[in-house]
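Please open the model in your viewer and keep the sequence panel beside it, so that each selection below can be followed in turn.

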Amino acid sequence: MPSSTTARLIDGLPTPSPRPKEMQVLALGMSRTGTYSMFTALGILGYKPYHMAELKDTAPGTHALWVEALKAKYHDQTHGPATNNPLHKPYARAEFDKLLGGYSAVTDIPCIMFAADLIAAYPDAKILITTRAEDTWVKSVSTLFNTLLRWHWSPLSRYDPVFPYDAPFHVQGYLDILHIVWNLWTGGDWRDEDALRRTFRKHYALVRELVPPERLLEFDPREGWSPLCKHLGKQVPRDVPYPNLNDLPFTIWFHEQLWWATARKAAVSVAMTWGLPVAGAFAALGWYWYSKRGPI
């Protein structure tokens, strides 16, 4: 990786030639519109899809590349007009081939934050958007993001037992992406549901503007396999129901278990280093942080 503060991380990666997998499907619906179910469905249909969940399995530093890409694309919204600094150069086909070369489909964040860029980069890909009623989407996405991001993760991330701090991926990198996305969607005010609604409408309007109706599938997951397979030119899987995964209570429960697993490992590590009294104080502080995490 480049060491210069003005060199992009992505430029330190080799260019795949040829690209290992052709990009075939861009599923560009907003998070919490059935994107994890779509991720699973695309896998069943034989694609290799990319979803936020893939971060744990990708090459070292991938989360830092996505942070770099987000900061470059949205620099004008977060820091003012971009300059000639190479760090402000947006990602395009060459960069996405490095990040996504091993994948044939995308869905969910962080990819949907680059909808226009991906559409331009992969003009032959089939495009779809998962949809959901705006009111239920606002309730679901705000409950999830506000719950997760109000938990106090940062002091514990070094002890993360699932994604260790020195591993290719750790929980703080994941949270960095969530923070950037959530601040962009809400304009920095996490309580602003009007901003969320504007983001939702703007995103779908952008995709509809860029993609002719005959090339775009607007997909409600309740419709099941038929419209999806017709759009993609695939046979409907036999005896396999369309996936219905990642509902809101389970998603929050899963992250809650991760938080507690991380906290337990932190307490053990502190006890071994500093003794039980300090570990007890650490555990009490952890409980205080947890109690202030916000409602589920």
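**Start at helix 4**

Select helix 4 and colour by accessibility: Glu 95, Phe 96, Asp 97, Leu 99 and Leu 100 are buried there, where buried means under 20% relative accessible area, exposed means over 50%, and partly exposed lies in between (1.4 Å probe, protein chains only). Helices (H or I, at least four residues) and strands (E, at least two) are DSSP runs, numbered from the N terminus. The buried residues of helix 4 pack against strand 2, helix 2 (62–73), strand 3 and helix 5 (115–121).

Before going further, note that this is a predicted model, in which local features need pLDDT of at least 70 and side-chain atom pairs count only at pLDDT 80 or more, while totals for chains, interfaces and linings use all residues. Residues are numbered from 1 along each chain as its sequence is written, and side-chain values use heavy atoms, with hydrogens and water left out.

**Other salt bridges**

The structure holds 12 salt bridges. Select Arg 8 and Asp 11 next, whose side chains meet in one of them at 2.8 Å, N to O; Arg 8 is buried at a relative accessible area of 2%, whereas Asp 11 is partly exposed at 43%. A further pair is Glu 54 with Lys 48, at 3.6 Å, N to O, where Glu 54 is buried with a relative accessible area of 8% and Lys 48 is partly exposed at 34%. Then select Glu 134, Asp 135, Arg 197 and Arg 201 together, which are linked in a network of salt bridges.

Now show the strands as a cartoon: 5 strands form an open sheet in the order 2-3-1-4-5, with parallel pairing, and two strands count as paired if DSSP finds at least two bridges between them. Strand 2 (49–50) and strand 5 (216–219) stand at the edges with a single partner strand each, so one side of each is left without a neighbour in the sheet.

Centre the view on Val 25, which stands opposite Ala 105 in strand 3 and also opposite Lys 126 in strand 4. Strand 1 is joined to strand 3 (residues 105–106) by 2 bridges and to strand 4 by 3 bridges. Moving along, strand 4 and strand 5 pair in the parallel sense over 4 bridges, and the bridge partner of Ile 129 in strand 5 is Glu 218. Of the 5 residues of strand 4, 4 are buried, so this strand is largely enclosed by the rest of the structure.

**Ile 177 and its surroundings**

Which residues does Ile 177 touch, not counting residues up to four places away in sequence? Select Ile 177 in helix 7 (residues 171–186), where it counts as buried at 0% relative accessibility, and display its contacts, meaning heavy atoms within 4.5 Å: they are Met 52, Leu 55, His 63, Trp 66, Val 67, Leu 70 and Pro 110. Ile 177 and Trp 66 are 111 residues apart in sequence, yet 7.4 Å apart in space, C-alpha to C-alpha.

**Zoom out**

Finally, show the whole protein chain, which has 11 helices and 5 strands and in which buried residues make up 49% of the 296 residues. Among its contacts between residues at least 6 apart in sequence, 77% join residues at least 24 apart.

Terms used: Salt bridge = Lys/Arg side-chain N within 4 Å of Asp/Glu carboxyl O.
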